[in-house]
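Welcome, and please open your viewer. We will go from stop to stop, selecting a few residues at a time and looking at what is there.

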Amino acid sequence: MEQRNLGRSGPRVSALGLGTMGMSDLYGPADDTESVNTIHAALDAGVTLLDTGDFYGAGHNEMLIARALRGRDRNDVTISVKFGSLRDPEGGWGGHDGRPQAVRNYLAYSLRRLDTDHIDVYRPSRLDPSVPVEETIGAIAEQVKAGRVRHIGLSEVGAETIRRAHAVHPISDLQIEYSLLSRGVETEILATCRELGIGVTAYGVLSRGLLSGHWTPDRQLTSGDFRGSSPRFSRDNLAANLRLVEALRGVARSRGATVAQVAIAWVLSRGGDVVPLVGARRRDRLTESLGALELTLDPDDLAAIERAVPAGAAAGTRYAGPLMQHLDSER
């Protein structure tokens, strides 16, 4: 599989990474056995980047990855972990904790759950507005010196915060939502990352399933699926967004590809410093996603995609109002 660098200071990883959140949280029930089999299939296909968060399923996701990696060479896998998001027993959100003592606490639990002595890329999941980002990054930098963390990343922060963090310690990559329906990164953030030699790991490349080509207007969401409160999945917005998907389907058919493959290939085309994370929970969806690597988009294809899904065409914000307030990247 093609390899890409996570910035000038970061590790070399597969051109596609696997985001594992949905195997434990936020998309409704998942099957652990199928999840492990999907991780194995990804590794066997050459995927080397696994992305998780310590709050996905209250640690379940990290333990699932540890289970999947038993008997495998740990050095063949780059594990990226987000930390700091506070949850409650009902699955609600209680803000973010970026204090230095919290960094050490979160890291200790992640190392144990992942059954490893180091984390390859460690990043705060969101900016804690009550703690200077310099203090949070400084605390992670101490763990880099101790050998427990290899690289430092960021998630969903704006250009000013990126600069402040990078001044404390080199940042390998910024994790941020980036898809045909979410292109805010292109305004200022992407240019800042490129100026500083910081890579981008793009999540939500299929916009939570909207761009999968498999979503239907009458789909019933299960309990615990956060898309039930997502503005882009509300009735009127969903209808408008699915019209965009149908326009994209025409482009996909002209290339003998699926909607999902075109959407992923478009993110891959944004530059060699961008690594899309695919959130496949099943082996068949993973196989479809990996097919995007075989799809090279020429200028005519890119122009057709732009006509089908113009920048800013998405109906609805990418998170509900209260969660949008936690995005430094949107300020």
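Start by selecting R87 and W93: the charged end of R87 sits over the ring of W93, 3.9 Å from its centre. A charge counts as sitting over a ring if NZ of Lys or CZ of Arg is within 6 Å of the ring centre and within 35 degrees of the ring normal.

Before moving on, note that this is a predicted model, in which local features need pLDDT of at least 70, side-chain atom pairs count only at pLDDT 80 or more, and totals for chains, interfaces and linings use all residues. Residues are numbered from 1 along each chain as its sequence is written, and side-chain values use heavy atoms, with hydrogens and water left out.

Rings of Phe, Tyr and Trp (its six-membered ring) pair if their centres lie within 6.5 Å; planes under 30 degrees apart are stacked, over 60 edge-to-face, and the rest tilted. By this rule there are seven aromatic pairs.

Now select Y27 and F226, a stacked pair with 5.9 Å centre to centre and 20° between the planes. Y27 is in the loop between β3 (17-19) and α1 (32-44), while F226 is in the loop between β11 (199-203) and α7 (235-254), 199 residues apart. Helices (H or I, at least four residues) and strands (E, at least two) are DSSP runs, numbered from the N terminus. Are Y27 and F226 buried or exposed? Both Y27 and F226 are buried, meaning under 20% relative accessible area, whereas exposed means over 50% and partly exposed lies in between (1.4 Å probe, protein chains only). Compare the rings of F55 and Y56: their centres are 5.0 Å apart and their planes at 75°, so this pair is edge-to-face. F55 and Y56 are buried as well.

**The barrel**

Switch to a cartoon view. Eight strands close into a barrel with parallel pairing, in the order β3-β4-β5-β8-β9-β10-β11-β12; two strands pair if DSSP finds at least two bridges between them. Neighbouring strands of this sheet are turned by 30° against each other on average, direction ignored.

Zoom in on β4 (residues 49-53) and β5 (residues 78-83), which pair in the parallel sense over five bridges. Select D51 to find its bridge partner in β5, S80. Helix α2 packs on the sheet, touching β4 and β5, and its direction makes about 150° with that of β4. Contact here means heavy atoms within 4.5 Å; axes are lines fitted to C-alpha atoms, for helices over the stretch in contact, and angles run from 0 to 180 degrees between N-to-C directions.

Within α2 (residues 60-69), pick I65. I65 is buried, with a relative accessible area of 0%. Not counting residues up to four places away in sequence, I65 touches T20, I39, L50, T52, I79 and L114.

**Two loop residues**

Select A58 in the loop between β4 and α2, then E156 in the loop between β9 and α5. Phi of A58 is near 50°, a positive value in a residue other than glycine, and phi of E156 is near 50° too. At 69% relative accessibility A58 counts as exposed; E156, at 0%, counts as buried.

**Last stop: α5**

Finish with helix α5 (residues 159-168), where A159, T161, I162 and A165 are buried.
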